[in-house]
Amino acid sequence: PNKFRRETEGDGGVVIEIRSDGKSLRKAQGQADKAGKAPIDLLVEAVVASPPLLPEQVADRLISGMKSLGVNTEVVSFARFDGRVAYLVGSKPWEVDKPQVWIDKETLLLVRVVTFQKEGRADGAPSRIDVRYLGWGSAVGGNWYPATVEVWRDDKLVRRAVTQQVEKNAPMEAALFAPVSYTHLQ
């Protein structure tokens, strides 16, 4: 409970991210460790929720995370995403310049998060970061984890991660959640 380990393999090698009790440690091959306060990640919060949580506790946690991202939780409407109806929290469908969270109306699974990042553009305007969680209910991830996670920056795809394997409640050694387990990356 409250611990998460994600291994991602890309062109630069394996990247390991460990989250535990609000802290994060990230290790990439050939780079210095990056540790600190874990950034808000609504998907991780949903996957790592510490049992047993009551439904109102889950809702409170989600609302708190949305507010931390600047989402106005007082504005809720409906919109379509990936061919499905979703609750759109934070803006109206035509207001693309506001932070927003999209939740599938039928399954209540997170399908999209739009935020704004201050740095990154030459003109000084904030970059629009659009994270899309696609393929819920797939044979690989089921309703535990999306089949694909895409990150779009200013309407350009910058990262696409495809889930290859998900194991729920798999027995794992505590050392996998400690920095010393990174020795195999050296």
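Start with the sheet. Seven strands form an open sheet, in the order β5-β6-β7-β8-β9-β10-β11, and the pairing is antiparallel. Strands here are DSSP runs of E with at least two residues, helices are runs of H or I with at least four, and both are numbered from the N terminus. Two strands pair if DSSP finds at least two bridges between them. β5 (76–81) and β11 stand at the edges with a single partner strand each, so one side of each has no neighbour in the sheet. On average, neighbouring strands are turned by 20 degrees against each other, direction ignored. Those axes are lines fitted to C-alpha atoms, for helices over the stretch in contact, with angles from 0 to 180 degrees between N-to-C directions.

Now the ground rules. This is a predicted model, where local features need pLDDT of at least 70 and side-chain atom pairs pLDDT 80 or more, while totals for chains, interfaces and linings use all residues. Residues are numbered from 1 along each chain as its sequence is written, and side-chain values use heavy atoms, leaving out hydrogens and water.

Look at strand β8, residues 110–117. Six of its eight residues are buried, so β8 is largely enclosed by the rest of the structure. Buried means under 20% relative accessible area, exposed means over 50%, and partly exposed is in between, with a 1.4 Å probe and protein chains only.

Who are its neighbours? On one side, β7 (residues 100–104) is joined to β8 by four bridges, antiparallel. Tryptophan 102 stands opposite arginine 112 there. The β7–β8 hairpin has five residues between the strands, and leucine 108 takes a positive phi near 60 degrees in it. β8 is also joined to β9 (residues 127–134), by six antiparallel bridges. In that pairing, phenylalanine 116 stands opposite arginine 128. One step on, β9 and β10 pair antiparallel, again over six bridges. Arginine 132 has glutamate 150 in β10 as its bridge partner.

Next, packing. The largest nonpolar core has 16 residues, and Leu42, Met66, Val101, Leu110, Val113, Val131 and Tyr133 touch the most other members. The elements giving two or more residues to this core are α1 (42–48), β7, β8, β9 and β10. β9 gives the largest share, three residues. A nonpolar core here is a set of buried Ala, Val, Leu, Ile, Met, Phe, Trp, Tyr and Cys residues joined through side-chain atoms within 4.5 Å.

Zoom in on leucine 42. Beyond its neighbours within four places in sequence, leucine 42 is in contact (heavy atoms within 4.5 Å) with Leu62, Gly65, Met66, Leu69, Val101, Leu110 and Val113. Apart from this core lies another, of eight residues, including Ala79, Phe81, Ala86 and Val114.

Charges next. How many salt bridges does the structure hold? Eight. The criterion is a side-chain nitrogen of Lys or Arg within 4 Å of a carboxyl oxygen of Asp or Glu.

Take arginine 84 and glutamate 106: they form a salt bridge, with the closest N and O atoms 3.8 Å apart. Arginine 84 is in strand β6 (residues 84–89) and glutamate 106 in the loop between β7 and β8, so-called distant parts of the chain, 22 residues apart. Arginine 84 is partly exposed at 35% relative accessibility, and glutamate 106 is exposed at 67%.

Then there is a network: Arg112, Arg128, Asp130, Arg132 and Asp155 are linked by salt bridges. Aspartate 130 and arginine 128 meet at 3.7 Å, N to O. Aspartate 130 is buried at 2%, and arginine 128 is buried at 13%. Arginine 128 also meets aspartate 155, at 3.9 Å. Arginine 128 lies in β9 and aspartate 155 in the loop between β10 (148–153) and β11 (156–162), so this pair ties together parts 27 residues apart in sequence. Aspartate 155 is exposed, at 60%.

Last, the rings. There are two aromatic pairs. Rings of Phe, Tyr and Trp (its six-membered ring) pair with centres within 6.5 Å; planes under 30 degrees apart are stacked, over 60 edge-to-face, the rest tilted. Phenylalanine 78 and tyrosine 87 are tilted, 5.2 Å centre to centre and 35 degrees between planes. Phenylalanine 81 and tryptophan 102 have centres 5.9 Å apart and planes at 55 degrees, so this pair is tilted. Both phenylalanine 81 and tryptophan 102 are buried.
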